[in-house]
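This briefing takes up strand pairing, the nonpolar cores, helix packing and a few individual residues. Please read it with the sequence and structure in view.

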Amino acid sequence: MPVINANGIDIYYETRGEGSPLILINGWGGNLDSWSNEMVDLLAGKHRVVMMDNRGTGRSDKPDIPYSMDMMAADAKGVLDALDVEKAHVMGFSMGGAITQTFGVNYPETTLSLVICGASAGKENSVSSDPKVQMDLALIANPSPEMTERDVTIKLLYLLYSKEYVEAHLEELVKDETYSDYPTPSHALMNQSHAISTMDTYHHLPDLKVPVLVLTGNEDVLVPPENSEKIASQIPGSELVMIPGCGHGFLKQKTGESIGHILRFLEKVNG
C-alpha cells in the first residue's frame with residue numbers, strides 16, 4: 001500500500017499518468033476513491049496525477065485533533081516532497097479548494113497553478129448556504145440512529161445535485177457516493193469541519209502570483225457560486241468559469257465540460 005509519512009502522519013496516495021504534475025485534493029469526508037474514473041482518466045492523459053487521502057479519510061491516518069487548512073496544505077506539500085515533485089499544479093474541490101488556496105499562499109515556490117473548484121475564502125468573506133442545507137449537512141456528519149447508510153448518502157446527493165438529476169440517476173449516484181470500504185469516522189468529519197470554519201484566505205489571495213482557474217456550478221446550494229466570484233475577484237488575472245445547470249457536484253455531472261476547461265487552462269500555463 002503506497003503510504004508516505006508526511007507532517008507527522010501516514011498519508012495514502014496513488015499516481016496515474018505522465019506529464020506535468022497535478023495533485024488532486026478532495027473535499028469534506030471524501031477520499032481519493034471518490035474522484036470519478038472518467039475525470040482522472042481525462043486528466044491523466046495529459047498529466048502525472050497525484051491523488052491522496054486527506055488526513056481523517058480513506059487509508060490515511062485519522063488523528064483526533066482539530067485540523068486546519070495550514071495543516072492539510074502541509075500534508076499535500078509533504079506528499080509532493082516525498083515524490084520529489086518540485087513544482088505542481090494544485091487542484092482542489094470544496095474543502096480541497098480551500099486547501100488549494102492555502103497551498104498557493106503558503107508554498108508559492110512549489111505551485112505551478114491553482115484550480116479552485118466549488119470553494120469559499122472563509123469566515124466573513126464567505127456566502128453561507130441556506131440554514132436548511134446546513135442542518136442537512138450536520139445530520140450527514142452525525143446521522144440519527146434510525147438512518148441507514150443509504151439514507152445518509154441520498155441526503156448528501158440532494159446537496160450535491162439538483163432534485164431532477166438525483167431522481168434521474170439515483171441508483172448510479174448512490175453507488176458512486178458510497179464509500180463503505182473506508183468510511184470517514186465522525187470525529188474526522190468534525191475535525192475537518194473545524195478546519196473549514198476557521199479558515200480565512202480572502203485577504204491573502206491578492207498576493208498570489210500564479211495562474212488561477214476558479215470553477216463552480218451556477219446552481220450550487222452547498223457552497224453558493226457567489227463564493228467563487230469573490231475568490232476570483234480577489235486574484236489578479238484569475239479566470240472564473242461557471243458550469244451551467246449544475247450544483248456542487250459539477251465535476252461528476254458534467255465531467256467532460258468541466259475537465260475540458262481545466263485541461264485548456266493547464267495547457268496554457270504549461271505553454
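Two strands are taken as paired if DSSP finds at least two bridges between them. By that criterion β5 and β6 pair in the parallel sense, over six bridges. The model is a predicted one, and the points below are grouped by topic.

**Strand pairing**

- Strand β5 (residues 88–93) is mostly covered, since six of its six residues are buried, that is, under 20% relative accessible area.
- The cover extends to both faces of β5, with A88, V90 and G92 buried on one side and H89, M91 and F93 buried on the other.
- Strands β1 (residues 3–6) and β2 (residues 9–16) run antiparallel and are joined by four bridges, with A6 having I9 in β2 as its bridge partner.
- Strand β2 is likewise joined by four bridges to strand β4 (residues 47–52), again in the antiparallel sense, and E14 is there partnered with M51 in β4.

**Residues with positive phi**

- The hairpin of β1 and β2 has two residues between the strands, and in it N7 takes a positive phi near 55 degrees, although N7 is not a glycine.
- With a relative accessible area of 41%, N7 is partly exposed, and its place is in the loop between β1 and β2.
- D84, which lies in the loop between α2 and β5, is a residue other than glycine with a positive phi, near 60 degrees.
- The relative accessible area of D84 is 68%, so this residue counts as exposed, the cut-off being over 50%.

**Nonpolar cores**

- In soluble globular proteins, nonpolar side chains tend to be buried together.
- The largest nonpolar core in this model has 60 residues, and those with the most contacts inside it are M69, V79, V212 and I231.
- Helix α2 (residues 69–82) supplies the largest share of this core, namely seven residues.
- Leaving aside neighbours within four places in sequence, V79 is in contact with I4, A6, I11, Y13, V50 and M52.

**Helices with a buried face**

- An α-helix has 3.6 residues a turn, so residues three or four places apart point the same way.
- Helix α8 (residues 186–198) has 13 residues and reaches 18 Å from its first C-alpha to its last, which is close to the 18 Å expected at 1.5 Å a residue.
- The buried residues of α8 are A188, L189, N191, Q192 and A195; seen down the axis of α8, they fall within an arc of 165 degrees, so they line one face of the helix.
- These buried residues of α8 pack against α2, α3 and α4 (131–141).
- In helix α1 (residues 37–44), the buried residues are M39, V40, L43 and A44; seen down the axis of α1, they fall within an arc of 125 degrees, so they too line one face of their helix.
- The buried residues of α1 pack against strands β2, β3, β4 and β5 as well as against α10 (250–253) and α11.

**Two buried threonines**

- T255 is found in helix α11 (residues 255–270), and because its relative accessibility is 4%, where the cut-off is under 20%, T255 counts as buried.
- The side chain of T255 reaches the backbone oxygen of L251 at 2.7 Å.
- Not counting residues up to four places away in sequence, T255 touches S36, E38, M39, L42, F250 and G260.
- T110 has its place in the loop between α3 (95–106) and β6 (111–117), and at 2% relative accessibility T110 also counts as buried.
- When residues up to four places away in sequence are not counted, T110 touches K77, L80, V85, E86, K87, A88 and F103.

Terms used: Residues numbered from 1 in each chain as written. Predicted model: local features only at pLDDT ≥ 70, side-chain atom pairs only at ≥ 80, totals over all residues. Heavy atoms only, no water. Buried < 20%, exposed > 50% of the residue type's maximum accessible area, 1.4 Å probe, protein only. Polar contact = N/O pair within 3.5 Å; in protein donor to acceptor, adjacent residues only side chain to side chain. Contact = heavy atoms within 4.5 Å. Core = buried A, V, L, I, M, F, W, Y, C linked by side-chain atoms within 4.5 Å. Expected span 1.5 Å × (residues − 1). Arc of directions from axis to C-beta.
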